[in-house]
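Please study the sequence and the structure before working through each solution.

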Amino acid sequence: MARVLLVEDDAGLREALDLALSGLGHEVVGVPDGPEALERVADGPRIDCVVLDVMMPRMDGFEVCRGIRRAGTTPVIMLTARSEPVDIVAGLECGADDYVAKPVEPRVLDARIKAVLRRFTPQDGAGAPPGVVELGAVRVDTRAMAVTRHGAPVDLTPTELRLLLELSLHPGQVMTRQLLLDRVWEYGYLGDSRIVDACVWRLRAKTEEDPARPRLITTVRGVGYRLDLP
């Protein structure tokens, strides 16, 4: 069972989603606005995932998402009626892990929540990279799910970490955007493949010496991305 923080200013929709997600096994904490959401994430009981509306009074969802990112790596799913590509890209670039358009079937939202949480859970088995992965100045401890660069901690979101690990399993190989969608986002994601581009952009900003001239994660034009070992 996950503890889900549901941030939605529409009281009727908040109540309906609360009932539906609770019926699917989640513990739901509903709040009506961004400032209260940030207080809950910072000072309340542990939150496993935030489902975040965008268009809210006092503080919009983009600003709330940036605040959550400054505070930590709690997974965030944007839930909004704004589904234009520019809105999706804006949401992902401010640190969201997924973006779901309203109206949404509760079982679909439940599947998205579980997928996001799986990205944050260390995986055992033959496919998992062993112990520590050295990528030049970047070091990934897969057991602690911790990343450092030149010895300093790097705060990655669960999705960013999952993407880095997936690329590190196939150094020197081109990974298509669709393949990365399937393996990192897991469920044959039906959304825009620019979700991959936005996540790579954030990952480069945190791991590259010069994100404008990346050397670790390079773009293969028209295809996807490749991790090049130094």
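Angles under 35 degrees count as roughly parallel, over 145 as roughly antiparallel, 65 to 115 as roughly perpendicular and the rest as oblique. Axes are lines fitted to C-alpha atoms, for helices over the stretch in contact, and angles run from 0 to 180 degrees between N-to-C directions. Helices (H or I, at least four residues) and strands (E, at least two) are DSSP runs, numbered from the N terminus.

The model is predicted: local features need pLDDT of at least 70, side-chain atom pairs count only at pLDDT 80 or more, and totals for chains, interfaces and linings use all residues. Residues are numbered from 1 along each chain as its sequence is written, and side-chain values use heavy atoms, with hydrogens and water left out.

**Exercise 1.** Classify the packing of helices α7 and α8.

*Solution.* Step one: α7 spans residues 177-184 and α8 residues 194-207; their axes lie 9 Å apart at an angle of about 80°. Step two: α7 and α8 are therefore roughly perpendicular to each other. Step three: Arg-177, Leu-180 and Leu-181 of α7 meet Ile-195, Val-196 and Asp-197 of α8, where contact means heavy atoms within 4.5 Å.

**Exercise 2.** Classify the packing of helices α2 and α3.

*Solution.* Step one: the axes of α2 (residues 34-43) and α3 (residues 61-71) come within 10 Å and cross at roughly 15°. Step two: that makes α2 roughly parallel to α3. Step three: on the α2 side the contact is made by Gly-34, Ala-37, Leu-38 and Val-41, and on the α3 side by Val-64, Gly-67 and Ile-68.

**Exercise 3.** Identify which residues touch the most other members of the largest nonpolar core.

*Solution.* Step one: a nonpolar core is a set of buried Ala, Val, Leu, Ile, Met, Phe, Trp, Tyr and Cys residues joined through side-chain atoms within 4.5 Å. Buried means under 20% relative accessible area, exposed over 50%, partly exposed in between (1.4 Å probe, protein chains only). Step two: among the 49 residues of the largest core, Leu-5, Val-50, Leu-52, Met-78, Val-140 and Leu-164 touch the most other members. Step three: α8 supplies the largest share of this core, 6 residues.

**Exercise 4.** Determine whether Thr-157 is buried or exposed.

*Solution.* Step one: Thr-157 lies in the loop between β9 (152-154) and α6. Step two: Thr-157 has a relative accessible area of 1% and is buried. Step three: beyond residues up to four places away in sequence, Thr-157 touches Arg-69, Thr-73, Gly-95, Asp-97, Arg-202 and Lys-206. Step four: in helix α6 (residues 158-168), 11 of 11 residues are buried.
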